[in-house]
Amino acid sequence: MTGFDPLDLSSTPAGAPLVPLLPIRLRRTEILTVVYRTESDAAGALVPHPLELASDLCVLHVYHMHDAEWFGDYCESAWQLPVTLPDGTPAVYSPFLVLESDAAVAAGREAYGQPKKAGQVCLEGRGDLLVGTVARNGIDVARLFTDVTEHEAWIGSATLELRPNAQVPAHLLAVREVVLGLHRTIDLTLAPGHIVHRYPGGQP
């Protein structure tokens, strides 16, 4: 008899896995980043124990993945908060992630445990502005504007507008002050994750 061991599978079904084996390569990834100051109390309430909020800074990335293995061409967004791990190591925690690829949503949730949700994300040039928008169920969540030129002027002024959305309540991370606008294109590899803290099981 022939067959396969289900324990060897990284994703199901066996003949058409939704989640790829990591690592995977993302080429020509274009990123619009806005760094801003937010309310520490609101940000801290979104960070799970035992992580600790390390700053009042919040980072919003809007990505255009031009060439992502398994996922193709799609856009993604992520809010990131600086935190410290239980051993004091600096890290980031993402309370909100919205993206256009079902496969990338599944990989983020299953391989990394990230709270990814499907939505509408766009990164495009409009005249002399680079505009990133994030929406869920057709309702805007965020809109970024940053000044760029046709050649690679990477750092510029930026604005960020957050709007209430029940599915992605990123407006809780209110904008107090925009610190930095950054536009870049990079290649990167999504490596397998590893566990930094294991929560105890429930009561028997």
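Modeller: Start with pairing: two strands pair if DSSP finds at least two bridges between them. Helices (H or I, at least four residues) and strands (E, at least two) are DSSP runs, numbered from the N terminus. This is a predicted model, where local features need pLDDT of at least 70, side-chain atom pairs count only at pLDDT 80 or more, and totals for chains, interfaces and linings use all residues. Residues are numbered from 1 along each chain as its sequence is written, and side-chain values use heavy atoms, with hydrogens and water left out.

Biologist: How do you know that β7 and β8 pair?

Modeller: Strand β7 (residues 120–126) and strand β8 (residues 129–136) share seven bridges, in the antiparallel sense. Two bridges would be enough, so they count as paired. Cys122 has Thr133 in β8 as its bridge partner. The hairpin has two residues between the strands, and Gly127 takes a positive phi near 65° there.

Biologist: What makes Phe71 and Tyr74 an edge-to-face pair?

Modeller: Rings of Phe, Tyr and Trp (its six-membered ring) pair if their centres lie within 6.5 Å; planes under 30 degrees apart count as stacked, over 60 as edge-to-face and the rest as tilted. The structure holds two such aromatic pairs. For Phe71 and Tyr74 the centres are 6.1 Å apart and the planes stand at 85°, so the pair is edge-to-face.

Biologist: Why are Phe71 and Tyr74 called buried?

Modeller: Buried means under 20% relative accessible area, exposed over 50%, partly exposed in between (1.4 Å probe, protein chains only). Phe71 has 12%, so it is buried. Tyr74 has 5%, so it is buried too.

Biologist: What describes the pair of Trp79 and Phe96?

Modeller: Their rings lie 6.2 Å centre to centre, with 90° between the planes, and the pair is edge-to-face. It links distant parts of the chain: Trp79 is in strand β4 (residues 72–84) and Phe96 in strand β5 (residues 90–99), 17 residues apart. Both Trp79 and Phe96 are buried.

Biologist: Which residues of helix α2 are buried?

Modeller: In α2 (residues 102–112) they are Ala103, Ala104, Val105, Ala106, Ala107 and Gly108. Their cover includes β4, β5 and β6 (116–118). After α2 comes Gly113, with a positive phi near 70°.

Biologist: Why is Pro48 called partly exposed?

Modeller: Pro48 has 28% relative accessibility, so it counts as partly exposed. Pro48 sits in the loop between α1 (40–45) and β2 (52–53). Leaving aside neighbours within four places in sequence, Pro48 is in contact (heavy atoms within 4.5 Å) with Tyr93 and Tyr199.

Biologist: Is Ile31 buried or exposed?

Modeller: Ile31 has a relative accessible area of 4%, so it is buried. Ile31 is found in strand β1. Ile31 and Ile186 are 155 residues apart in sequence, yet 8.0 Å apart in space, C-alpha to C-alpha.
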